[in-house]
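Please look over the structure before reading on.

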Amino acid sequence: MMDENRGPDIPPGRPPRMQTGLSAIIIDEQNALTLSELSRACAVQTGYIIELVDEGLLTPEAAEEHEPQRWRFTGTQMRRARVALRLQHDLGVNLAGIALALQLLDEVEMLRARLNTEDTAMSADDVNSR
């Protein structure tokens with residue numbers, strides 16, 4: 001059975017080929033993207049974004065789970081979708097591997113933020129002890 005959002009030559013579990021050409025989209029964290037806007041920003045078909053949501057790799061903001069037309073995505077979710085696409089397209093990583101990679105990247109980001117906070121606190125202590 002063919003998924004109408006993926007096309008006839010794209011097997012499930014594989015992202016569609018990325019479109020070529022230059023474009024830019026500026027996203028701030030205040031404005032949310034719809035499913036079609038996110039798929040356009042990532043140069044993929046909506047079926048691929050739906051697959052990422054179904055696998056728990058993306059989480060739409062405050063939306064009904066079974067109503068993709070009402071989903072809204074943040075800039076952070078767009079970055080996650082693009083990382084997932086690059087991992088799958090460039091490295092051939094499957095969805096389970098993408099989930100693990102995204103989890104590890106989230107942990108690295110959290111640890112870096114924690115180190116920066118501790119470095120700032122230590123610098124403040126050095127200034128206060130003089």
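Arg-114 and Glu-118 both belong to helix α4, where four residues, about one turn of the helix, separate them. In this predicted model, their side chains form a salt bridge with an N to O distance of 3.9 Å. Arg-114 is exposed because its relative accessibility of 51% is over the 50% cut-off. Glu-118, with a relative accessible area of 40%, is partly exposed.

Side chains of opposite charge can pair when their charged atoms come close. A search of the whole structure gives three salt bridges, listed below.

| Salt bridge | N to O distance |
|---|---|
| Arg-114 and Glu-118 | 3.9 Å |
| Asp-106 and Arg-80 | 2.8 Å |
| Glu-67 and Arg-70 | 3.8 Å |

In the pair of Glu-67 and Arg-70, the closest N and O atoms are 3.8 Å apart. Glu-67 has a relative accessible area of 26% and is partly exposed. Arg-70 is also partly exposed, at 48% relative accessibility.

Asp-106 and Arg-80 form a salt bridge in which the closest N and O atoms are 2.8 Å apart. This pair links distant parts of the chain, with Asp-106 in helix α4 and Arg-80 in helix α3, 26 residues apart. Asp-106 counts as partly exposed at 39% relative accessibility. Arg-80 counts as buried because its relative accessibility is 18%, under the 20% cut-off.

Which residues line the second largest pocket? The lining consists of Thr-76, Arg-79, Arg-80, Val-83, Leu-102, Leu-105, Asp-106, Val-108, Glu-109 and Arg-112. The largest share, six residues, comes from α4. By class, the lining has five charged, four nonpolar and one polar residue. The space in the second largest pocket is about 230 Å³.

Helix α3 also holds Gln-88. Is Gln-88 buried or exposed? Gln-88 counts as buried because its relative accessibility is 1%, and buried means under 20%. The side chain of Gln-88 makes a polar contact of 2.8 Å with the side chain of Tyr-48.

How values were computed: Residues numbered from 1 in each chain as written. Predicted model: local features only at pLDDT ≥ 70, side-chain atom pairs only at ≥ 80, totals over all residues. Heavy atoms only, no water. 1 Å grid on protein atoms, 1.4 Å probe; cavity = no way out; pocket = protein on both sides within 12 Å on 5 of 7 lines; lining within 4 Å. Points joined across faces, edges and corners; volume = space filled by probe spheres on them. Helix = DSSP H or I, 4+ residues; strand = E, 2+ residues; numbered from the N terminus. Nonpolar A, V, L, I, M, F, W, Y, C, P; charged D, E, K, R; others polar. Buried < 20%, exposed > 50% of the residue type's maximum accessible area, 1.4 Å probe, protein only. Polar contact = N/O pair within 3.5 Å; in protein donor to acceptor, adjacent residues only side chain to side chain. Salt bridge = Lys/Arg side-chain N within 4 Å of Asp/Glu carboxyl O.
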